[in-house]
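Please consult the sequence and the coordinates alongside the text.

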Amino acid sequence: MLSFFPCERIHSAFAGSVKVQVVEMGLASTTVLNSERFPDLVPNSLFSSQVIVNKSRARWRAVVTKIPLQIEDLDKVPEISNEIKSMLKSNSKVFLGKEVPYCFLSHVEGSYAELTVGCNLRHMSKDELYSTHQDILLQSVRNIKKHATLGSTFQCPIDFGFLQCCGTGGLPFYMDS
């Protein structure tokens with residue numbers, strides 16, 4: 001039996017990819033707030049034929065980010081990757097129960113490279129999620145820059161205001177469990 005509670009956020013594929021917030025669930029229909037914050041009445045039979053992700057009940061969120069580098073010495077990449085993975089594993093907001101955090105060299109083109117960094121973050125508010133993601137990015141960039149100051153040829157051509165991330169429009173890619 002399908003059941004939602006008021007204020008839960010769900011994601012469904014009906015009428016395209018739809019993210020809504022449940023207002024009220026009745027026997028035959030459910031009232032939801034659409035992305036424009038207008039109420040919609042959806043027949044419960046529609047939910048029975050769809051895959052529903054209840055974001056409110058997710059225990060973690062997957063976060064994946066790509067960080068561009070300018071690099072001449074590829075031999076330093078494993079050390080940087082290991083330090084970033086270690087930083088993620090020691091972060092209390094990273095959920096370690098399902099998949100270990102990762103950091104790997106995902107692209108090389110001339111003197112430019114790209115590190116892909118990913119982990120699962122514990123369930124938290126959107127504000128805390130964005131803040132935690134920002135903290136992880138800043139710590140990763142500091143780690144990269146630390147190696148540049150140690151005589152390496154690394155540069156991280158990112159201004160803290162610009163990050164090349166997965167997803168569209170330069171936004172980080174978040175995926176609920």
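## A side-chain pair

The side chains of Thr-65 and His-133 are joined by a polar contact of 2.6 Å. A polar contact is a pair of N or O atoms within 3.5 Å; within protein, one must be able to donate a hydrogen and the other to accept it, and residues adjacent in sequence count only if both atoms are side-chain atoms. Thr-65 lies in strand β6 and is buried, with 3% relative accessibility.

## Basis of the values

This is a predicted model, in which local features need pLDDT of at least 70 and side-chain atom pairs count only at pLDDT 80 or more, while totals for chains, interfaces and linings use all residues. Residues are numbered from 1 along each chain as its sequence is written, and side-chain values use heavy atoms, with hydrogens and water left out.

## The cavity

Rolling a probe the size of a water molecule over the atoms shows where empty space is left. The count comes to one cavity of 30 Å³ or more, and the largest cavity holds about 40 Å³ of space. A cavity is a set of points, on a 1 Å grid over the protein atoms alone, where a 1.4 Å probe fits but cannot get out; lining residues have an atom within 4 Å of a point. Grid points are joined across faces, edges and corners, and the volume is the space filled by probe spheres set on the points.

Val-63, Thr-65, Val-117, Gly-118, Cys-119, His-133 and Ile-136 line the largest cavity. At least two lining residues come from each of β6 (60-70), β8 (112-122) and α3 (126-149), and β8 gives the most, with three. The lining divides into four nonpolar residues, three polar and no charged. In this division Ala, Val, Leu, Ile, Met, Phe, Trp, Tyr, Cys and Pro count as nonpolar, Asp, Glu, Lys and Arg as charged, and the others, Gly among them, as polar.

## Thr-116 and the cysteines

Strand β8 also holds Thr-116, which is buried at 5% relative accessibility. Its side chain makes a polar contact of 2.6 Å with the side chain of Ser-106. Neighbours within four places in sequence aside, Thr-116 is in contact (heavy atoms within 4.5 Å) with Val-64, Thr-65, Lys-66, Tyr-102, Cys-103, Phe-104 and Ser-106.

Cys-103 is buried, at 4% relative accessible area, and Cys-119 is buried at 6%. With a disulfide taken as a pair of cysteine sulfur atoms within 2.5 Å, the count is zero disulfides.

## Other sites

Gln-70 is in strand β6 and is partly exposed, with a relative accessible area of 23%. Its C-alpha atom is separated by 9.6 Å from that of Val-108, 38 residues apart along the chain.

Arg-37 occupies the loop between β3 (29-33) and β4 (39-43). Its phi is near 70°, a positive value in a residue other than glycine, and Arg-37 is exposed at 52% relative accessible area.

## The chain as a whole

The protein chain has three helices and nine strands, in the sequence pattern β-β-β-β-α-β-β-α-β-β-α-β. Helices (H or I, at least four residues) and strands (E, at least two) are DSSP runs, numbered from the N terminus.

Of the 177 residues in the protein chain, 38% are buried. Among contacts between residues at least 6 apart in sequence, 62% join residues at least 24 apart.

Note on methods: Buried means under 20% relative accessible area, exposed over 50%, partly exposed in between (1.4 Å probe, protein chains only). On a 1 Å grid over the protein atoms alone, a cavity is a set of points where a 1.4 Å probe fits but cannot get out, and a pocket is an open set with protein on both sides within 12 Å along at least five of seven lines; lining residues have an atom within 4 Å of a point.
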